[in-house]
Amino acid sequence: MAAIIVYFSRKGENYVSGTIKKLAVGNTEVVANILQKLTGAETFKMQPVQEYSKDYNECIAQADQRRNARPELKAYPESLDAYDTVYLGYPNYWGTMPMAVFTFLEHFDFNGKTIFPFCTHEGSGMGSSESDIKRLCEAAEVKKGLALRGGSIQYSEPEIKKWLKEK
């Protein structure tokens, strides 16, 4: 069996180390790329049909307004049957995962899968995302997640390697 890295990431304006910065690549995508390099796993980027605003403050307002929404995604992997391990990445939005990640998790049966969550944040860590994943994917084994600060993501490879060894 194989592994897949499934992630949601947002480029554009992001809150990084106390200021709003424009990112060409979202922090979670940076982590997904490092994981791909270290594991050789395939990757899949979740993309909502209706993108979040590129403006940070508008995005935050949209994310808050859309709590418990299930935004439609542009695409899904055809199947997850070939994978026993799912690395699941996302930025921490309002203390958990973006609603698009909820949409993705509710689309598949994770029976027999092992999920390794990872998130990027600016101080809120994993929030309630691990318990949310366990609730949505009751038949999966959900391992301890990795929370990485977006502001220091370029220095995160050693921490990612350590997390992979601990699994």
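In the predicted model, helix α4 (residues 129-136) has S129, D132 and I133 as its buried residues. These residues lie on the same side of α4, because the arc they cover around the axis is only 100°. An α-helix has 3.6 residues a turn, so residues three or four places apart point the same way. The cover over the buried residues of α4 includes strand β5 (83-91), helix α3 (99-107), and strands β6 (114-121) and β7 (141-142).

The structure contains 8 salt bridges. One of them joins the side chains of E29 and K45, with an N to O distance of 3.0 Å. E29 belongs to helix α1 (residues 27-39) and K45 to strand β4 (residues 42-45), and the two residues are 16 positions apart in the chain. E29 has a relative accessible area of 18% and is therefore buried, the limit being under 20%. K45, at 27%, is partly exposed.

A salt bridge also forms between K37 and E157, whose closest N and O atoms are 2.9 Å apart. Since K37 lies in helix α1 and E157 in helix α5 (residues 157-166), the pair ties together parts that are 120 residues apart in sequence. K37 is exposed, with 55% relative accessibility, whereas E157 is partly exposed at 22%. K37 and E157 are linked with K161 in a network of salt bridges.

In the salt bridge between E51 and K74, the closest N and O atoms are 3.2 Å apart. E51 is located in the loop between β4 and α2 (56-65) and K74 in the loop between α2 and β5, so this pair connects parts 23 residues apart in sequence. E51 is partly exposed, with a relative accessible area of 40%, and K74 is likewise partly exposed, at 49%.

Definitions and conventions. Residues are numbered from 1 along each chain as its sequence is written. This is a predicted model: local features need pLDDT of at least 70, side-chain atom pairs count only at pLDDT 80 or more; totals for chains, interfaces and linings use all residues. Side-chain values use heavy atoms; hydrogens and water are left out. Buried means under 20% relative accessible area, exposed over 50%, partly exposed in between (1.4 Å probe, protein chains only). Helices (H or I, at least four residues) and strands (E, at least two) are DSSP runs, numbered from the N terminus. The arc is that of the directions from the helix axis to the C-beta atoms. Contact means heavy atoms within 4.5 Å. A salt bridge is a side-chain nitrogen of Lys or Arg within 4 Å of a carboxyl oxygen of Asp or Glu.
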